[in-house]
Amino acid sequence: MTPATRRWVFLVAGAGLAAFYLWGLTGLPGFGSYPGPYGPTILRLAVAQTHATGVVSAVNFEYRGFDTVGEEFILFAAAAGISVVLRHLRGERDRSAVDEAADRDVPATSGAVRMVALLLAGPVIVAGWWLASHAQANPSGGFQGGVVIATAFVLLYLAGEFLVFKRVSPVALVEVVEAVGAAGFVATGLTAVLLGMPYLKNFLPLGQYPGAVSSSGTIALISFFVGLEVAAAFILIVGELLEQTLLVRREDT
Amino acid sequence: MIALAAAHTPYTVPVVMMDVLQVTILVLVAAGATGVVLTRQPVRQVVALSVYGLLLAVLFLAFQAPDVTLSELTVGAVALPAILLLALAKMRKREE
């Protein structure tokens with residue numbers, strides 16, 4: 001096929017695609033319109049049923065809690081996969097004794113970066129904890145809170161050395177925390193089954209005031225477990241990657 | 001037709017009423033995405049991707065989805081670029 005023919009084929013196909021695309025666009029519902037019955041129903045019932053004013057959390061951790069179990073185990077499997085894959089590489093690398101980038105100087109971390117990172121680490125952990133423990137009251141949740149907590153550990157790495165990061169987050173401990181988080185979610189669901197209710201049914205007292213930290217029963221509990229799992233998973237992933245990238249060089253030189 | 005839809009569903013926002021903020025942020029997101037694609041140097045592309053994640057987070061906020069905003073902030077603007085940077089550092093080391 002000559003370039004000219006090819007161009008013609010593309011132009012015809014492209015024009016056809018554009019025509020069908022624009023035709024499809026004309027049939028779209030209006031901007032922001034939502035024809036389904038599910039959303040309005042949830043909005044009407046959720047706060048009274050769950051005592052969670054963070055209705056998104058009520059959906060994530062109760063109405064569609066089973067989906068969230070699956071999502072959490074996606075992250076769990078990803079962290080496990082990264083550990084396994086990178087662990088294998090670690091064995092290979094031990095054989096090469098020379099630093100592959102010996103000629104390039106690694107600039108030392110400046111005092112300003114260390115200072116800011118150290119100052120931020122504490123508040124970031126508090127912010128993450130707040131997000132993970134207020135899923136029932138605000139737009140937040142264990143997932144966001146967990147990632148924020150994990151970034152505090154990355155800040156510690158920025159403020160110090162990789163060894164500091166390793167010392168405050170030993171792999172064995174992080175793995176246990178991750179497992180406890182993941183298992184806690186599943187166990188909360190199974191407890192409901194043991195009590196003769198459907199899996200993940202909210203079996204705890206809902207609390208007096210919708211939106212209070214102590215309200216919403218299992219929603220707050222599950223958000224806490226998800227926070228543990230996600231924080232540990234991200235610390236594990238970042239730790240493994242940092243070890244791959246940085247510690248090797250230090251060992252080799 | 002838009003008015004008809006508005007009468008039936010209480011959550012409909014007619015296109016004409018759409019916030020200036022929403023239009024602005026949509027344009028910014030489109031520009032940001034194009035910027036990420038046009039950036040050819042990987043490390044700079046990761047930084048552009050991080051800025052794009054931040055823009056997306058603002059977009060979700062402007063469209064009243066604060067939960068998604070938080071997820072996008074933590075994952076799109078922080079976690080994903082950090083992991084990509086680490087991967088790039090590892091690859092560069094191997095090349096040298």
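Keep in mind that the model is predicted.

Let's start with helix α8 of chain A. It covers residues 171–194, 24 residues in total. From first C-alpha to last, α8(A) reaches 33 Å, close to the 34 Å expected at 1.5 Å a residue. Which residues of α8(A) are buried? They are A:Val174, A:Glu178, A:Gly181, A:Ala182, A:Phe185, A:Thr188 and A:Gly189. Remember the helix rule: with 3.6 residues a turn, residues three or four places apart point the same way. Just after α8(A) comes A:Gly196, with a positive phi of about 85°.

Next, A:Val55. This residue lies in helix α3 of chain A, residues 55–63. Why is A:Val55 partly exposed rather than buried? Because 19 other C-beta atoms lie within 10 Å of A:Val55, and buried takes 20 or more. Leaving out residues up to four places away in sequence, A:Val55 touches A:Ile42, A:Leu43, A:Ala46 and A:Val47. Take A:Leu43: it sits 12 residues from A:Val55 along the chain, and their C-alpha atoms are separated by 7.3 Å.

Now the core. The largest nonpolar core has 57 residues. Those with the most contacts inside it are A:Ala150, A:Ala233, A:Phe234 and A:Ile235. Both chains take part: α3, α4, α5, α6, α8 and α9 of chain A, together with α3 and α4 of chain B, each supply at least two residues. Which helix gives the most? That is α9(A), with 18 residues.

Last, A:Ala233. Beyond four places in sequence, A:Ala233 touches A:Leu75, A:Phe76, A:Ala79 and A:Glu178. And A:Glu178 takes us back to the buried residues of α8(A).

Terms used:
Residues numbered from 1 in each chain as written. Chains lettered and ligands numbered in written order. Predicted model: local features only at pLDDT ≥ 70, side-chain atom pairs only at ≥ 80, totals over all residues. Helix = DSSP H or I, 4+ residues; strand = E, 2+ residues; numbered from the N terminus. Expected span 1.5 Å × (residues − 1). Buried ≥ 20, exposed ≤ 12 C-beta atoms within 10 Å, placed from the backbone. Contact = placed C-beta atoms within 7 Å. Core = buried A, V, L, I, M, F, W, Y, C linked by C-beta atoms within 7 Å.
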